[in-house]
Amino acid sequence: MCASYGLDPRFTDAELLAAADDAVLEGLRVWAEENAGETLRPTGKNLRNLNPIIVQPETAPTLEPAWWGYLVNGEPARFPSINTRSERLQDRPGSAKSRAIVPATSWFEMQKPSRQWHEFLVDDGALFGMAAVTQRGRTADVAWFTCYSIVMRPAPEHLAGVHDRMPVLVPASFAGEWLTADTGREVVDEALLAAADLDDRVQVKPRNDDKRAERLF
């Protein structure tokens, strides 16, 4: 389960989109700098931290602040909703009707039973995108948000010893299709094939915790 990730404003390689949009990248840097390198976590009922995602409602990708996890009947979902299994989307592709890309420079997992934290990176901290599915949700005070859930798949062999699942990473060459393709199992299957191309570039490092402060400036 991915329950925390990082977005370091010092990213250099922009691999979110085949034709990286300057406004999107600048918006990510500004957001990351304003949030002082804080680890990105699921949105809480009281602390409404909104995280940046990339969507494409019309002709061009755009940044949108979003609620990590689903809202159901005005409350955070009582079922696990911050992650969605890729196998579930393959069986029920209608759940992937609305999709997004979650920008990150790392994600964190705790290895069990040792309870050792690990940080996962592409190369040595390159910017990358994680596949997500989205839906609209409202809070009890009738504030509406785009809610997102990160898509998870089985981890490849060299990572499975630390954690058996990992986010579905979206190569820049597949980003446009993930955001705009018609709903169906085909786009999920293709996303999994595209993600495998990045497997060899994923590195993992032990950490004391999942906080980002020690990496900044």
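Here is a short chat about charges, salt bridges and contacts in this predicted model.

Reader: Let's move to pairs. Why would two side chains pair up at all?

Author: Side chains with opposite charges can pair when their charged atoms come close. Searching the whole structure turns up ten salt bridges.

Reader: How do you know that glutamate 87 and arginine 85 form a salt bridge?

Author: The cut-off is a side-chain nitrogen of Lys or Arg within 4 Å of a carboxyl oxygen of Asp or Glu. For glutamate 87 and arginine 85, the closest N and O atoms are 3.9 Å apart, so the pair counts.

Reader: What are those two called, buried, exposed or partly exposed?

Author: Partly exposed is the class between under 20% (buried) and over 50% (exposed). Glutamate 87 has 25% and arginine 85 has 48%, so both get that label.

Reader: What about aspartate 124 and lysine 205, how far apart are their closest N and O atoms?

Author: They're 3.1 Å apart, in a salt bridge. Aspartate 124 sits in the loop between β9 and β10 and lysine 205 in strand β14, so the pair ties together parts that are 81 residues apart in sequence. Aspartate 124 is exposed at 56%, whereas lysine 205 is partly exposed at 31%.

Reader: What makes aspartate 199 and arginine 153 a salt bridge?

Author: Their N to O distance is 2.3 Å, and the limit is 4 Å, so they qualify. This pair links distant parts of the chain, 46 residues apart: aspartate 199 is in the loop between α5 and β14, and arginine 153 is in strand β11. Both aspartate 199 and arginine 153 are buried.

Reader: Why is glutamate 15 called partly exposed?

Author: Its relative accessibility is 24%, which falls between 20% and 50%, so that's the label. Glutamate 15 lies in the loop between β1 and α1.

Reader: Which residues does glutamate 15 contact, leaving aside neighbours within four places in sequence?

Author: Leu127, Val170, Pro171, Ala172 and Arg201. Glutamate 15 and leucine 127 are 112 residues apart in sequence, yet 6.2 Å apart in space, C-alpha to C-alpha.

Conventions. Residues are numbered from 1 along each chain as its sequence is written. This is a predicted model: local features need pLDDT of at least 70, side-chain atom pairs count only at pLDDT 80 or more; totals for chains, interfaces and linings use all residues. Side-chain values use heavy atoms; hydrogens and water are left out. Buried means under 20% relative accessible area, exposed over 50%, partly exposed in between (1.4 Å probe, protein chains only). Helices (H or I, at least four residues) and strands (E, at least two) are DSSP runs, numbered from the N terminus. Contact means heavy atoms within 4.5 Å.
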